[in-house]
Amino acid sequence: MINNIEWSKLPFGYVKTHYNVRCYNRDGKWGEVEISSSEYINIHMAATALHYGQEAFEGLKVFRGKDGKLRVFRWDENAKRLINSAKGVMMAEPPMELFLEMLEKVVKLNEDFVPPYGTGASLYIRPLLIGTGPQVGVSPAKEYLLLIFVGPVGPYFKDGFKLVKMQIARDVDRAAPLGTGRFKVGGNYAASLSSVVRAHDEGYGSVLYLDAKEKRYIDEAGPANFFAIKNNVYITPDSTSILPSITNMSLQQLAKDLGLKVEARHVPVEELNTFEEAGACGTAAVITPIGEIVDRETGNRYTFGDEPGPVSKKLYETLQGIQYGEIPDMHGWVHIIE
Ligand code: PLP
Ligand code: COI
């Protein structure tokens, strides 16, 4: 184990590890998986990733259990989503087997960076797919790079399972209804930066975006999906411009297991007044309970109590329990890296 890291104090940030893994697709064929100790990529100045946004990424985590085993959570869903993002911006699609081979390789090569059990930290895996071939006209590249790097991380919202404040920003759209919001492509994050930085400066954890067309419904919760609890129902927005979150998909199943009803539907802003609990969910955010939402333009405030609600807490404990191997993995979500 690496011994100069304070595991339980890790933020969600970049940490240099030993190796990353890379594989090129040239003229439609994937080549050999390469191991690299460089943190840099040598890239053509006319690469489509740089000019025309041909890029997508993923985010998933490996957890070290009490039994010492390394568990990766629902890698197959991340692999499928990367294929979907690749389709969305016309990039070469990495086969599932290649994704798993590279993921297992990079985790094993950096095994001593997987945080110890009990520290609340995990190893974040960041697959990146970019168009590396040159084009000056707007068209897809003929060469792509799939790269996976890893790094130990702590909570995305710095206090972990504590209430955050979110800000509704009506003057910025993160993604258009029929645009790229449902793909995990860099442009969505570029579009969110100015409102996210402004929200931080104004004292909020992140931005709650409304649907771009009507500004009537809750859409995405910064780098996470939104969910709420009311009368034993788990409610989450159904929208064509949000990223289909694997955490949200898992929480919907766990909510059903706990006897809740699940509704994926339009969520009008006024309905915020009626929720008992609200939260943001995602790989980085896990479950981040929301204490207060303020509409920047109207000044309306919506509050959800002084501490995380019981359902959010139960869902958080169940999800993390499965990820750390403390609760039986009833749905076959966990893959052990031998
Ligand atoms: N929404 C956005 C915009 C994200 O960046 C993420 C993070 O991946 C999520 C939602 C949550 O998705 P997942 O639970 O698959 O990590
Ligand atoms: C994740 O949850 O994996 C994310 O990608 C969120 C963010 C850091 C972009």
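Trainee: How many residues of the lining of the largest pocket are nonpolar, polar and charged?

Mentor: The classes first: Ala, Val, Leu, Ile, Met, Phe, Trp, Tyr, Cys and Pro count as nonpolar, Asp, Glu, Lys and Arg as charged, and the others, Gly among them, as polar. In this predicted model, the lining of the largest pocket has 17 nonpolar, 15 polar and nine charged residues. A word on conventions: this is a predicted model, where local features need pLDDT of at least 70, side-chain atom pairs count only at pLDDT 80 or more, and totals for chains, interfaces and linings use all residues. Residues are numbered from 1 along each chain as its sequence is written, chains are lettered from A and ligands numbered from 1 in the order in which they are written, and side-chain values use heavy atoms, with hydrogens and water left out.

Trainee: What volume does the largest pocket have, and which residues are closest to its centre?

Mentor: Picture a 1 Å grid over the protein atoms alone: a cavity is a set of points where a 1.4 Å probe fits but cannot get out, while a pocket is an open set with protein on both sides within 12 Å along at least five of seven lines, and lining residues have an atom within 4 Å of a point. Points are joined across faces, edges and corners, and a volume is the space filled by probe spheres set on them. Here the largest pocket comes to about 860 Å³. Of its 41 lining residues, Y156, F157, G222, P223 and A284 are the closest to the centre.

Trainee: Which element gives the most to that lining?

Mentor: Elements are DSSP runs, numbered from the N terminus: helices (H or I, at least four residues) and strands (E, at least two). α4 gives the most to the lining of the largest pocket, six residues. Elements giving two or more include β7 (122-131), β9 (164-169) and α5 (246-257).

Trainee: What about the second largest pocket: how much space lies in it?

Mentor: About 300 Å³. It has 25 lining residues, with G120, G154, P155, G160 and Y316 the closest to its centre. By class, that's 15 nonpolar, eight polar and two charged. β16 has the largest share, three residues, and each domain again supplies at least three.

Trainee: How do I read the interface between the domains?

Mentor: The size of an interface is often given as the accessible area lost when the parts come together. Buried area is the accessible area (1.4 Å probe) that two parts lose on being put together, summed over both. Domain 1 and domain 2 bury about 1,700 Å², 65% of it on carbon and sulfur atoms. F57, F73 and R81 supply 35% of the area that domain 1 buries against domain 2. With contact meaning heavy atoms within 4.5 Å, 20 residues of domain 1 touch 18 of domain 2.

Trainee: How many salt bridges are there between domain 1 and domain 2?

Mentor: A salt bridge is a side-chain nitrogen of Lys or Arg within 4 Å of a carboxyl oxygen of Asp or Glu. The count between these domains is zero.

Terms used
Domain bounds come from an automatic or database domain assignment.
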